[in-house]
Amino acid sequence: MRTITIVGVCKSYHNDEILQNLNLTIPSGQFFALLGPSGSGKTTLLRLIAGFEEVDAGKIYIGNKDITHTPINERKVNTVFQQYALFPHLNVFDNVAYGLRIKKLPIDVIEQKVHKMLKVVGLEKQMYKAINQLSGGQKQRVALARAVVNEPDVLLLDEPLAALDQNLREKMLVELIELQDTLKTTFVYITHDQAEALTVADTMAIMNQDGQIEQVGTPKEIYEFPVSSFVAQFVGSTNILSGTLVLHETEELLDVPYLGKIPVILPKERAAWMVEGAQVFLSIRPEKLHISKTELTDFSNMLQGMVTSIIYYGRSTQYNVLLKNDLTVEVFTLNDKHITTQEIDYDDQVYIYWQKENAVLLKE
Ligand code: ADP
Ligand code: MG
């Protein structure tokens, strides 16, 4: 088992508390993404797992083994950084072979392992090239091969694709997913890019600006059922209405100033904050909203507004609609029919509506 368990970890720099009592379980053999804004403490957590830094308090386990105070070279953990940190004076082969030589493995074993790994990352033909003859993407593949050839239990990746251009990043992401699938090593992938995290992760954790984990789940769980408006806004985009909770016997409503009472659904697992009069939020994703110029008579989840801008993307169109409470909401529509004339125009009065089960009620 290569599960990483982080229990009550605290870390300060000078008197600045970066991580406070952090608890997190990273499942064995998964592609795990840690997503959070810049400066939230992601790299700090990763450096603690790798052993580059010491915790102030708390414990870190890999499997059943307490590695909190284990020296770096005795942890079966390897790290790939944003900056490749390759040895510029060594060629591709020697860069990848470096760790194996330190372990004093027999030459033929080293040859075999390096060849196999360079094949996995598609660099066999570049084996004897100097590092400075490689492209950015190739360098990052060398860095990956060098980290993975040591067969670590855990591979830590700290924004490894940040220095690459968009096209290459997408290609490398697919390669990383395939590599993890082949090796079944636990990958911990740090990023501030939500699209990247959604793409790669089996499980993802969302860290907020204060270094606290707000939610852990599959990309679908996080996207469809965020637990806070921070998560809802950080992963994808969303519209947030704030109001007062009204609990009737037959239905639950959100009373929003200037907009009226909007039907909502309480999650099955009732939380302590879901009480009459609570100040709460409703998150509605833009693609869950619909737009129409005519009123739908039997729809209670409907609000009136005015179109302030239209952004045509080809396959979809985004409408920005100004509501009566001065909030502008985003509505995405799929252009699944030919649009010959623009049906909805700027300054049009429109109705936006949604199914109440497609919105999520949030405490904060
Ligand atoms: P992230 O990787 O999420 O962008 P970091 O873990 O790098 O965030 O940094 C979190 C906070 O800790 C930042 O405010 C950063 O300035 C601070 N920090 C990180 N490393 C050090 C250090 N060695 N000394 C002092 N402060 C640091
Ligand atoms: Mg970082």
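Student: What makes the shell residues around ligand 1 divide into nonpolar, polar and charged?

Tutor: This is a predicted model, where local features need pLDDT of at least 70 and side-chain atom pairs count only at pLDDT 80 or more, while totals for chains, interfaces and linings use all residues. Residues are numbered from 1 along each chain as its sequence is written, chains are lettered from A and ligands numbered from 1 in the order in which they are written, and side-chain values use heavy atoms, leaving out hydrogens and water. The shell has 3 nonpolar, 6 polar and 1 charged. Lys counts as charged, so Lys42, which is in the shell, is the charged one. Tyr13, Ile18 and Pro37 also surround the ligand, and Tyr, Ile and Pro count as nonpolar.

Student: How do you know that Lys42 makes a polar contact with ligand 1?

Tutor: An N or O atom in the Lys42 side chain is 2.8 Å from a ligand oxygen. A polar contact is a pair of N or O atoms within 3.5 Å, so this pair qualifies. Taken alone, ligand 1 exposes 560 Å², and the protein buries 60% of that.

Student: Which helix gives the largest share of this shell?

Tutor: Helix 1 (residues 42–50), with 3 residues.

Student: Why is Met204 called a core member?

Tutor: A nonpolar core joins buried residues (under 20% relative accessible area) such as Met and Leu through side-chain atoms within 4.5 Å. Met204 belongs to the largest core, of 46 residues, where Met204 and Leu118 touch the most other members. Helix 4 (residues 136–148) gives the most to this core, 6 residues.

Definitions and conventions:
Buried means under 20% relative accessible area, exposed over 50%, partly exposed in between (1.4 Å probe, protein chains only). Helices (H or I, at least four residues) and strands (E, at least two) are DSSP runs, numbered from the N terminus. A residue is near a molecule or strand if one of its heavy atoms lies within 4 Å of it. A polar contact is a pair of N or O atoms within 3.5 Å; within protein, one must be able to donate a hydrogen and the other to accept it, and residues adjacent in sequence count only if both atoms are side-chain atoms. Accessible areas come from the Shrake-Rupley method with a 1.4 Å probe; for residues, only the protein chains shown count as cover.
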